[in-house]
Every structure is written in structure tokens, then in C-alpha cells.
Amino acid sequence: MSKLILVTGGTGFIGSHTVVELQQAGFDVVIVDNLSNSKAEVVDNIEKITGKRPLFECFDLSDRALTHEFFKKYTNIEAIIHFAAFKAVGESVQKPLEYYRNNLNALMNLLECMKEYGVNNFVFSSSCTVYGQPDKLPVTETTPRKPAESPYGNTKAVAEDIIRDFAHVNSQAKCLALRYFNPIGAHPSALIGESPVGVPNNLVPYITQTAAGLRKELSIFGNDYNTPDGTPIRDYINVVDLSKAHVVAINRLISGKNKVNYEYFNIGTGNGYSVMELVNAFIKATGVNLPYKIVGRRAGDIEKIWADTTLANNELGWKAEASIEDTLLSAWNWEKKCRNIE
Ligand code: UFG
């Protein structure tokens with residue numbers, strides 16, 4: 001029986017791109033997803049890109065009994081990449097219990113099953129949100145974490161702590177968290193990408209939907225920040241580059257190259273772009289007009305953050321490669337494909 005990588009949330013935005021990269025690197029994959037924020041067709045599209053259909057099980061990982069059933073059925077799991085989680089910052093403020101229950105129960109069920117069924121390798125999808133607004137930029141992995149701004153952000157911080165404590169007493173386990181900066185873009189095939197439900201919260205889906213005519217104009221949330229053009233700065237990382245970091249992480253754990261049994265890495269480009277710079281890069285890359293207006297700040301937004309990626313570059317041997325223009329073009333090509341725009 002061949003070994004499998006379990007990808008939870010594998011039909012979601014980052015999950016689906018990671019399944020593609022894993023399969024292209026020769027791994028066999030089983031996806032677990034409850035389709036709460038994604039569609040089953042994603043599995044077909046992964047197959048179209050890679051020529052290989054991942055296994056797929058549809059259930060909710062916050063259900064402990066179902067999670068145990070899964071591990072009883074699949075006795076050949078070699079590693080887990082855990083993406084499955086609720087991720088809307090604003091919604092998490094309104095529904096804190098749903099967020100804590102879903103995100104933390106799923107994590108604990110998986111860790112419990114790792115121990116019980118002898119799965120040793122675990123990669124966790126974390127976020128730069130754990131740094132809050134850092135005092136010094138760029139942020140390294142030793143930059144102190146700040147209290148979370150939202151229940152969503154707190155689920156990431158608490159999850160990291162749970163994994164650290166689990167690894168501490170389970171010497172067989174090898175755990176690794178990737179702290180993503182702002183993932184954007186889509187697969188160059190335009191067969192998979194980001195599909196937000198309803199009005200997008202994130203900048204790039206809002207930009208592409210505005211360019212496609214679905215939204216009247218982009219609202220830029222504040223131009224009075226302490227940045228060169230007054231708009232906030234983020235480190236936008238191409239989703240395919242980000243997905244490749246997961247393949248590197250899996251290989252590191254499977255081959256036992258990890259230094260300690262809980263490691264964490266920043267996954268970004270190392271470059272900060274302001275909202276205004278990103279808008280201009282989009283217009284330049286696509287040649288499409290983008291109506292926008294400046295409005296007031298969005299509550300909870302930080303001013304600026306970008307990654308120091310030295311540790312990921314040197315220790316993982318991973319580096320972001322795509323240009324911001326190519327990445328924005330890939331997001332636009334995906335939007336056009338979804339809307340049947342020529
Ligand atoms: N922005 C706009 N207009 C919009 C949407 C966003 O001006 O319509 C601005 C925001 O103010 C911010 C930047 O674009 O300055 C990026 O905003 P996003 O919502 O795309 O991303 P965030 O940096 O706010 O959030 C991301 C992830 C979260 C994660 C957070 C950690 O989406 O999951 O980073 O900082 F928690």
C-alpha cells in the first residue's frame with residue numbers, strides 16, 4: 001500500500017494548490033474537507049492539472065468519532081498538512097465560539113489521532129497574524145508574538161501553542177508550522193484559485209472582482225498610515241510559491257532533517273507592497289482599469305508587516321520566486337475564467 005499525505009482543507013485556496021504541488025512531486029494525497037467554503041469540483045480540476053485524482057473524504061474534522069474512523073480506514077498516512085479552518089477575521093469576532101470550536105477541535109482531534117495511529121509528521125498552516133503589529137521590521141521567527149486582534153488570529157496563536165506542547169511530550173512527533181504572510185494569485189492553468197463566498201474581504205479578490213465589473217469600485221481603507229504613500233504595507237506571497245514550501249516542509253520531516261520536533265518558519269517574499277502600489281502593479285500587469293476611492297481605515301488593520309525570510313531560505317532551501325506582476329496576472333486570469341471573460 002503506497003504512503004499517503006493527508007491534506008485537510010485540500011479543496012480550499014491554499015490546500016488545492018498544495019495538493020497539485022504534492023502530486024507533481026510524486027506524492028499520493030488524500031483530501032479531507034467538509035466543503036464548508038469550497039466545492040467538490042476542485043478535485044476534478046486538480047486531476048485536470050496533474051493527471052492524477054487525489055482521494056477525497058468529505059467530513060468535518062471537528063467531529064472526533066469521524067476523525068478516528070478516518071484513521072482506522074486509512075492506515076497508510078505518512079504525514080498531515082492541516083489547512084482546514086474557518087478564516088474570516090470579521091466573522092470570527094461575531095462568532096467566537098464557532099471559530100474556537102471548529103479550528104481548535106479539528107486540530108486536537110488530528111493530534112490525538114497522530115499519537116494513536118502512529119502518524120509522526122505534521123505541517124500546520126499558521127499566519128503572520130501571530131506577530132500583530134511588530135515593533136521592528138522585517139519580522140523574524142524570534143520576533144515576539146503579540147496578543148491576537150481577533151478570535152481567528154487567536155486560534156492560530158493557540159494552535160501553535162497546542163502543537164508546541166504536544167511535540168514536547170511526544171518525541172516521535174515531528175511538527176512544523178508555516179507562518180504565511182498574504183497569499184494571493186492562482187495556478188497558472190487558471191483551473192484553481194481563490195473563490196470567496198459573497199463580498200470578498202481580502203484585497204486581491206476585491207480588486208479582481210472590481211476589474212471584472214462585479215463591484216463598482218475598490219475601497220482603499222485609509223491613506224493616513226505612517227508609510228511612504230500612507231496606505232498599509234503587506235508581504236504578498238504567490239500561492240504556488242507558498243504551496244511549494246509545504247512540499248519542502250513535508251520532505252524535511254519525512255527525511256528527518258528537522259532540527260527540533262517543533263519548528264516554525266516565516267513564508268513570505270521579504271518585500272512589502274502598499275495597497276496603492278499593489279493597485280498600480282495590477283493595472284500595469286493587466287492593462288485593465290480599476291476604479292477606486294480612498295475611504296476610512298478598517299478596524300483592526302495593522303499598519304505594516306513584511307517577512308524576514310532568511311530562516312526559510314537557508315534552512316528550508318525555499319525562496320519565493322514569482323514576480324508581483326505575474327502573480328496579479330494569475331489572479332486576474334482566474335477571475336476571467338470564473339466569469340467567462342475573454
Ligand atoms: N484592503 C483595502 N480594501 C479592501 C480590502 C483590503 O484597502 O477592500 C487593504 C487592507 O486595509 C489591508 C490590505 O488591503 O491594508 C490587505 O488586506 P487583506 O484583507 O487582503 O489582508 P490582511 O492583511 O488584512 O489579512 C491577512 C489574512 C488574514 C490574516 C492577516 C494577518 O487575510 O487571514 O493577514 O495579518 F489574519
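Author: The model is predicted, so local features need pLDDT of at least 70 and side-chain atom pairs count only at pLDDT 80 or more, while totals for chains, interfaces and linings use all residues. Residues are numbered from 1 along each chain as its sequence is written, and side-chain values use heavy atoms, with hydrogens and water left out.

Reader: What makes residues 13-24 a helix, H1?
Author: Helices are DSSP runs of H or I with at least four residues, strands are runs of E with at least two, and both are numbered from the N terminus. H1 has 12 residues. Its span is 17 Å from first C-alpha to last, close to the 16 Å expected at 1.5 Å a residue. The expected span is 1.5 Å times one less than the number of residues. After H1 comes Gly26, with a positive phi near 100 degrees.

Reader: Why is H1 called mostly covered?
Author: Buried means under 20% relative accessible area, exposed means over 50%, and partly exposed lies in between (1.4 Å probe, protein chains only). In H1, 11 of its 12 residues are buried. Among them are Phe13, Ile14, His17 and Glu21.

Reader: Why is Gly222 called buried?
Author: Its relative accessible area is 2%, so Gly222 is buried. Gly222 lies in the loop between S8 and strand S9 (233-234).

Reader: What does Gly222 touch?
Author: Contact means heavy atoms within 4.5 Å. Not counting residues up to four places away in sequence, Gly222 touches Gly230, Thr231, Pro232, Ile294, Val295, Gly296 and Arg297.

Reader: Which elements cover the buried residues of H7?
Author: The cover includes strand S7 (182-184), strand S8 (218-221), strand S10 (236-238), helix H9 (275-286) and helix H11 (324-339). H7 spans residues 203-211, and nine of its nine residues are buried. Gly213 follows H7, with a positive phi near 90 degrees.

Reader: How do you know that S1 and S2 pair?
Author: Two strands pair if DSSP finds at least two bridges between them. S1 and strand S2 (residues 28-32) have five bridges, in the parallel sense. Ile5 stands opposite Val29 in S2. S2 and S3 also pair in the parallel sense, over three bridges. There, the bridge partner of Val32 is Glu57 in S3.

Reader: What makes S3 and S11 edge strands?
Author: The open sheet has seven strands in the order S3-S2-S1-S4-S5-S6-S11, with parallel pairing. Strand S3 (55-57) and strand S11 (262-267) each pair on one side only. Neighbouring strands of this sheet are turned by 20 degrees against each other on average, direction ignored.

Reader: Where do the residues of S1 point, and are they buried or exposed?
Author: Leu4, Leu6 and Thr8 point one way, Ile5 and Val7 the other way, and all are buried.

Reader: How do H3 and H5 cross?
Author: Axes are lines fitted to C-alpha atoms, for helices over the stretch in contact, and angles run from 0 to 180 degrees between N-to-C directions. The axes of helix H3 (residues 64-73) and helix H5 (residues 96-117) come within 10 Å and cross at roughly 35 degrees.

Reader: What handedness has the crossing of H3 and H5?
Author: A crossing is left-handed if the near helix is turned anticlockwise from the far one by less than a right angle, and right-handed if clockwise. The crossing of H3 and H5 is right-handed.
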